Protein chains: 2
Amino acid sequence: MNVDEVYKSLLVPNNSKLALVVLDGLGDIATESTGFRTPLEAARTPNLDALAKRSTLGRMIPVAPGITPGSGPGHLGLFGYDPLEFEVGRGVIEALGLGIDLKQGDVAARANFCSLDAKGIVTDRRAGRIDTRICEAQCVLLAGKIKKIGDIEVIIKAGKGHRFVVVFRGKGLEGPLNDSDPHREGLPIAVVKPQNKSAKAAKMAKVIAAFYKQALPLLKNCKPANGFLLRGIAHQPKIPLFEDRYGLKAAAIAIYPMYKGLAQLVGMKKVEGVSTVQQEFDAAVDALKAYDFVFVHVKGTDMYGEDGNFDAKVKAIEEADAALSVLLPEVDVLAITGDHSTPVPVKGHSWHPQPVMICGEIAGWDGQDRFTERTANAGSLGVFPAKYLIRYLQANARRLDKFGA
Amino acid sequence: MNVDEVYKSLLVPNNSKLALVVLDGLGDIATESTGFRTPLEAARTPNLDALAKRSTLGRMIPVAPGITPGSGPGHLGLFGYDPLEFEVGRGVIEALGLGIDLKQGDVAARANFCSLDAKGIVTDRRAGRIDTRICEAQCVLLAGKIKKIGDIEVIIKAGKGHRFVVVFRGKGLEGPLNDSDPHREGLPIAVVKPQNKSAKAAKMAKVIAAFYKQALPLLKNCKPANGFLLRGIAHQPKIPLFEDRYGLKAAAIAIYPMYKGLAQLVGMKKVEGVSTVQQEFDAAVDALKAYDFVFVHVKGTDMYGEDGNFDAKVKAIEEADAALSVLLPEVDVLAITGDHSTPVPVKGHSWHPQPVMICGEIAGWDGQDRFTERTANAGSLGVFPAKYLIRYLQANARRLDKFGA
């Protein structure tokens, strides 16, 4: 029997309230450059410390040993979907990041403005890294002139610098398709070809060819950004809904669009209108009145990890520690973790298993008085794949029945 | 998507230097008989202790929980090949152990001299455990008279006691085949039959029948070793090359032929001419000038574990600790581990997960000041399958790109 079917057969409804608090990129490493401490170790975290007494600890592998995840695979894993099984295309991630409300069947592409010579050869794949304002103006130009290709709606939205996103919406479309980006200068824009033989992908390729035919003439006088390249052309993957899978009505709270979008991909309801960490936790308290489960995403820890800013990462942890206190009386089972590590010495995402703490009435105390990477090493959860985290939350909420007699 | 394909798609080349130091059978257990210490705990290891400060620790399962590996599966696992997927026949292992330079397509058999009565019945499967010198003389006799069977070259090489190896080399051969060993006395030599219906295996069976027809008359007067039995008849398996799989040009340094042979199976270049542990590490330094990755195999720890000699195993660890210091300045990422445990109280290989330490700039300190079985228990790597070790080394060397956006 498939283990997901087993889990599903064991679902027991009750009124418990669950929360998953993701401090993005939380995990870190202790090296000589950090005084052999991690930000979690250096931070003053009275709330996390108090929680440790009714918590089980461990560390999680986001995708597979040694694999550093992007935000997409990182969050899919946390939500309990194996990132190797459920892949989210680059175009979809970018569209979510720009706050585009993707619908089932949409195909999204990441786009770069580029420079073309008179013969149509790509001379600069990033159009001299044009300013965001130029990108925005050109996107307005394109969006104003091209609203539809046949029966397919076209949505164009500017990102940062030379980057934008194109979403194709309508019936009978499918990805993935090869990039029109030739991936090096000196070549013409590549013809976009489907990666499989489906009629839907063939239709998508035709629509993209027609889109190019209309769009390139509009950019003729827009040097240096007189062309564009598409990458990661993919549809929003079909993912089993969170509520069906876990029996949990879920709300998502995040400040950045990408994380709201990723939660929405699995069917969580996104909460709008929050812009500080404290507002996020206040909104979580509110959401739990109507939902069983709330996902709260805190961005600062990742951002300062990427900057290599130890002290700022410490402050981001302390801010979250203070802000989450309002949530504690409202929740029966709480997990605190990251979607991956973003260690200060690495200045980027990494594969280092992120620490996780599950708090609840029957979690059990692992004998640790703090929540850090190294107390987590001694936890009773061990090192385990992130995709099992929600299962542990269900179990702690007594929402999984006994298996077998 | 298959995880190996994912790893391959993430390969990033750089100039980092990696080393895998295998202290064979390193892992041990603390029991009353050992004063509740392990050899690693009892040894003075100033170099390993210093490395611990920039190391992540864990323990590895060589094959599967509770499975005690031989040297073949133990090393295949370390090299990142699932030993349950890639099986190396006993004949191949024995041939490698005798230093035979196996080529793709060779079929190798482990052979025992045995005693036959007048009717051809096996009366002693080990020919009274004849002396190695008799075995060598009889192998010279056979090898002198039988150089080819049809178009197939026959290579015969004596081992210890009654043991020898026969390798069949030529076109269109394949294993595995059933043993000619009846596995108990009182039966005749079994006819060798292919284990599948391939034409190549059928040809191999015919060649072996012809080999017996020529060889047995030559041994007629060689009592008590007037017959021989073949076991583990198999070809060298097709294994994806280490360099293709990991993007690492690899050299192998070992004193014993079997370990050089196992490394060669996956395409590592073997370094010849070393005969002491210090020479091995000196050779490793030298190899890293031309190679990205070096595998160093130290035998003593296993040998003394098998002998049940605690003090000698401690000394072997101390010798390796001193010898490896020359390697440290030359290497960016270093793993130190065993291919399995050979605990002194067990006097043999065992399934106990072996300790592993990965040292590097971004490995992170697990807060342990020594490298032992019990400090490894508190490491951030947890207990994991040995086949992932090289993935962690790649990641620590920043040779794996981010997965997904």
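Reader: How do strand 10 and strand 12 of chain A pair, and over how many bridges?

Author: Two strands pair if DSSP finds at least two bridges between them. In this predicted model, strand 10 (residues 250-253) and strand 12 (residues 293-298) of chain A pair in the parallel sense over four bridges. If you want a spot to look at, A:Ala250 stands opposite A:Phe293 in strand 12 of chain A. Strands here are DSSP runs of E with at least two residues, helices are runs of H or I with at least four residues, and both are numbered from the N terminus.

Reader: Handy. And how should I read the residue numbers, chain letters and the prediction itself?

Author: Residues are numbered from 1 along each chain as its sequence is written, while chains are lettered from A and ligands numbered from 1 in the order in which they are written. As the model is predicted, local features need pLDDT of at least 70 and side-chain atom pairs count only at pLDDT 80 or more, but totals for chains, interfaces and linings use all residues.

Reader: Which strands stand at the edges of the open sheet in chain A?

Author: The order of that eight-stranded open sheet is 11-10-12-1-13-14-2-15, with mixed pairing. Strand 11 (269-271) and strand 15 (382-385) of chain A each have a single partner strand, so one side of each lacks a neighbour in the sheet.

Reader: At what angle do helix 5 and helix 9 of chain A pack?

Author: Axes are lines fitted to C-alpha atoms, for helices over the stretch in contact, and angles run from 0 to 180 degrees between N-to-C directions. Helix 5 (residues 90-97) and helix 9 (residues 257-265) of chain A pack at about 120°, their axes 7 Å apart. That makes helix 5 of chain A oblique to helix 9 of chain A; angles under 35 degrees count as roughly parallel, over 145 as roughly antiparallel, 65 to 115 as roughly perpendicular and the rest as oblique.

Reader: How is chain B related to chain A?

Author: Two copies of a chain are related by a rotation about an axis and a shift along it. Here, a rotation of 125° with 0.0 Å of shift along its axis superposes chain B on chain A, with RMSD 0.2 Å. The two copies are thus related as by a three-fold rotation axis. The superposition is by least squares on the C-alpha atoms of residues with pLDDT of at least 70 in both.

Reader: How many residues of chain B are in contact with chain A?

Author: Residues are in contact if their C-beta atoms, placed from the backbone, lie within 7 Å. On that basis, 25 residues of chain B are in contact with 36 residues of chain A. Helix 14 of chain B gives the largest share of chain B's side, four residues.

Conventions. Two residues are in contact if their C-beta atoms, placed from the backbone, lie within 7 Å.
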